[in-house]
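I am opening a notebook on a structure that is new to me, and I mean to record what I looked up, one topic at a time.

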Amino acid sequence: EVRSHGFNTDVDAISRAISEDLGMDIRGARVLLLGAGGAGRAAALKLAADGVGELFLVNRTLSRADEVLAEIRRQYSGIKVSAGYPSGKVDLVINATSLGLRPEDSSPLDPDRFPLCNARRVFDMIYRPARTKLLAEAEERDCLVANGLSMLLYQGAAAFELWTGKMAPTTAMRGALEKEIYG
């Protein structure tokens with residue numbers, strides 16, 4: 001007898017945020033994903049499910065990145081995935097690490113291994129502060145950027161819809177989030 005069901009609202013939220021905030025379809029894209037923890041793993045699996053062209057996964061602990069890559073290879077055998085920084089340009093860099101939450105944090109990206117001028121777009125899951133060092137550096141290099149506020153919004157909207165069975169009032173929710181988080 002099934003007594004409960006679990007849902008992950010992160011996965012659809014990240015796809016929707018990237019699509020709406022950065023005007024991007026992930027299918028066929030080259031993506032550099034920073035972080036292989038909970039949020040990074042969820043993002044990696046969703047990118048694979050959405051048909052990412054090539055996924056590069058960078059994590060502080062190589063073994064954790066390898067675990068996520070093995071899982072993608074098992075579930076999505078046609079997706080090209082590798083650990084480490086790419087050579088050449090990418091369509092999107094995603095930060096799924098906690099680096100950037102504090103003002104003294106360094107960027108999660110090693111500029112010696114991957115210069116931001118090789119990225120067209122940067123999505124940072126962090127929403128507070130609104131402009132992390134990574135996003136500031138990306139803007140200086142003319143990248144399109146977005147923070148994680150929309151991802152948070154769509155996570156909440158999905159939870160609202162699961163709990164109530166009604167469409168979430170996303171416009172009102174966005175206004176409330178912006179007011180609460182950014183004043």
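**Helices α2 and α3**

I began with the pair α2 and α3, where α2 passes α3 in a right-handed crossing. I keep in mind throughout that this is a predicted model. Helix α3 covers residues 62-75, and it packs with α2 at an angle of about 25 degrees, the two axes being 10 Å apart. Angles under 35 degrees count as roughly parallel, and α2 and α3 are therefore put down as roughly parallel to each other. Looking up who makes the contact, I found R41, A44, L45 and A48 on the α2 side, with V68, E71, I72 and Q75 on the side of α3. Sorted by class, the residues in this contact of α2 with α3 are five nonpolar, one polar and two charged.

**Helices α1 and α2**

Next I turned to the other partner of α2 in my notes, helix α1, which runs over residues 10-22, while α2 itself runs over residues 38-49. Their axes come within 9 Å and cross at roughly 65 degrees, which makes α1 roughly perpendicular to α2. I noted the hand of the crossing of α1 and α2 as right-handed. From α1 the residues D10, V11, D12, I14 and S15 take part, and they meet A42, A43 and K46 of α2. The classes in this contact of α1 with α2 are four nonpolar, one polar and three charged residues.

**Helices α5 and α6**

Which residues do helices α5 and α6 span, and at what angle do their axes cross? I read residues 149-164 for α5 and 170-182 for α6, with a crossing of roughly 130 degrees and axes that come within 10 Å. The two helices, α5 and α6, are therefore oblique to each other, and I recorded their crossing as right-handed. On the α5 side I listed L149, S150, L152, L153, Y154, G156 and A157, which meet T170, M173, R174, L177, E178, I181 and Y182 in α6. The contact of α5 with α6 holds nine nonpolar, three polar and two charged residues.

**The largest pocket**

I then looked for open space, and the largest pocket holds about 300 Å³. Its lining consists of 15 residues, and those nearest the centre of the pocket are G35, N59, R60, T97 and L99. When I divided the lining of the largest pocket by class, I had seven nonpolar, six polar and two charged residues.

**Backbone entries**

Where does P129 lie in the chain? I placed P129 in the loop between β5 (119-124) and α4 (133-140), and there I noted a cis peptide bond joining R128 and P129, with omega at about 10 degrees. My last entry concerns D142, which is found in the loop between α4 and β6 (144-146). Although D142 is not a glycine, its phi is positive, at about 65 degrees.

Technical notes
Residues numbered from 1 in each chain as written. Predicted model: local features only at pLDDT ≥ 70, side-chain atom pairs only at ≥ 80, totals over all residues. Heavy atoms only, no water. Axes fitted to C-alpha atoms, helices over the stretch in contact; angles between N-to-C directions. Helix = DSSP H or I, 4+ residues; strand = E, 2+ residues; numbered from the N terminus. Parallel < 35°, antiparallel > 145°, perpendicular 65-115°, else oblique. Left-handed = near helix turned anticlockwise from the far one by under 90°. Contact = heavy atoms within 4.5 Å. Nonpolar A, V, L, I, M, F, W, Y, C, P; charged D, E, K, R; others polar. 1 Å grid on protein atoms, 1.4 Å probe; cavity = no way out; pocket = protein on both sides within 12 Å on 5 of 7 lines; lining within 4 Å. Points joined across faces, edges and corners; volume = space filled by probe spheres on them.
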